[in-house]
Amino acid sequence: MNKKETLSFKNENPFCLYDSNSRLIHPRLYETFLQPIESKQLKDDGIVFQHMNNAEFGVIISHDVDHIYAQGSIENPRYKGGLKNLSQLFLHDIKSRFGSKQSPQRIRKNEFDIYRFIDWELKNNISASYYFLSLMESDEDFNYYLDEIQDVLLAVAQSNGEIALHGGHQTTIRLDAMLSEKSRLESLCNKKINGFRSHYLKWTPGQTESILESANFEYDTSWGSAQQPGFVKGFCTPHPVWDAQRGCYCSWIEVPLIAMDCSFFDYMKLNQHSAWELFLSLVNKVKSCNGILTILWHNSYHKHLNFYWKMLEFLQQQDCTFDTSHGFVQQAKNSGYIDRVKHYYGT
Ligand SMILES: [Zn+2]
């Protein structure tokens, strides 16, 4: 770099990101987090994740299912004419004066429609990972009982999708909460649940590691940032996790989350163009490490669906392989990749 350029704005911003108010986002805030340093170093030292058909990189499409139902209110009847209608109005009036408060009606909301994702995945023969809450009505952020969304669970299974646990607020600090949420989901699906992602991407270092271990999970995919897309601890490849508390590697492995819907638009408040530039840069960085791009798109995040479909269309034209998180985890373990990474960092 020419020394004088230190005094220009040019190199301050390698790729210009603008928020929705046309304000320049200063990339130094985000710079380190946008470098997959560890995965790159592993590759440079010859430890490479081999993708199926020698593809350049992998893609995981994942959906956290926070909401299916919305609270709708029962509409007040209107005067349309006729005696019958009058008596209905009268009855409604009496009820509202003397009856107990009407309980709101729960309805499946069109904006949260999960079938548009399942249908696309089925049509394109791509398997995605779905993380379902497994809560009781008294739990924080309860939205649905698993047994009332059996049609959804069945449709995911029929599209060869993965069903995994989206752990509620208590799971990362309480083993009993983790175990009951996991067993509820397992009994409803009638199969073992291997994967975990916490709601809000919550994590309590020194506790969550051993809770996941005791609950017998094969992998976690909560290591991502809501504030911005990028690479937690510099990884875009699955990796073992060292439990500093116990002084050993955890039996489960981490599949880092790279890009979440709301991080682009709600946290960074990017405009569409800059969100796309950032997405392309993430793809290139993952590609340079033969890594895996894990995308989280909530079924309830309907604001920027055009961006979601554009991402998928673009990725389908790339030399990449799509699979579920669990699919990549099995490949990472069975190929000996995880053991090689452990050996690299020291056993
Ligand atoms: Zn969630």
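Start by selecting helix H10, residues 325–334. Its buried residues are Ser 325, His 326, Phe 328, Val 329, Gln 331 and Ala 332, where buried means 20 or more other C-beta atoms within 10 Å of the residue's own, exposed means 12 or fewer, partly exposed means in between, and C-beta atoms are placed from the backbone. Helices (H or I, at least four residues) and strands (E, at least two) are DSSP runs, numbered from the N terminus.

A word on what is on your screen: this is a predicted model, in which local features need pLDDT of at least 70, side-chain atom pairs count only at pLDDT 80 or more, and totals for chains, interfaces and linings use all residues. Residues are numbered from 1 along each chain as its sequence is written.

Now step just past H10 to Gly 336, which has a positive phi of about 85°. Next, select helix H11, residues 337–345, and highlight Tyr 337, Ile 338 and Val 341, its buried residues. Look down the axis of H11: these buried residues fall within an arc of 100°, so they line one face of the helix. (The arc is taken over the directions from the helix axis to the C-beta atoms.) What do the buried residues of H11 pack against? Show helix H1 (37–44), strand S10 (239–243), strand S11 (248–254) and H10, and you have the partners. Just after H11, Gly 346 also has a positive phi, of about 105°.

Move on to strand S6, residues 129–132. Ser 129 and Tyr 131 are buried on one side, Tyr 130 and Phe 132 on the other, and both faces of the strand are covered. In a regular strand the side chains alternate between the two faces of the sheet. Ser 62 has Ser 129 of S6 as its bridge partner. Bring in helix H4 (residues 150–158) to complete a right-handed β-α-β unit with S6 and S7: with the strands pointing away from you, the path from the first strand over the helix to the second runs clockwise.

For the core, select Val 286 and Leu 293. They have the most contacts inside the largest nonpolar core, a set of 69 residues. Such a core consists of buried Ala, Val, Leu, Ile, Met, Phe, Trp, Tyr and Cys residues joined through C-beta atoms within 7 Å. Helix H8 (residues 272–288) gives the most to this core, with six residues. Beyond its neighbours within four places in sequence, Val 286 is in contact (C-beta atoms, placed from the backbone, within 7 Å) with Phe 57, Cys 236, Ile 258, Gly 291, Ile 292 and Leu 293.

Phe 235 lies between strand S9 (219–220) and S10, and is buried, with 23 other C-beta atoms within 10 Å. Its C-alpha is 9.4 Å from that of Ile 292, 57 residues apart in sequence. Gln 207, in the loop between strand S8 (195–198) and helix H6 (208–214), is partly exposed, with 14 such atoms within 10 Å.

Methods
Arc of directions from axis to C-beta. Contact = placed C-beta atoms within 7 Å. Pairing = 2+ DSSP bridges.
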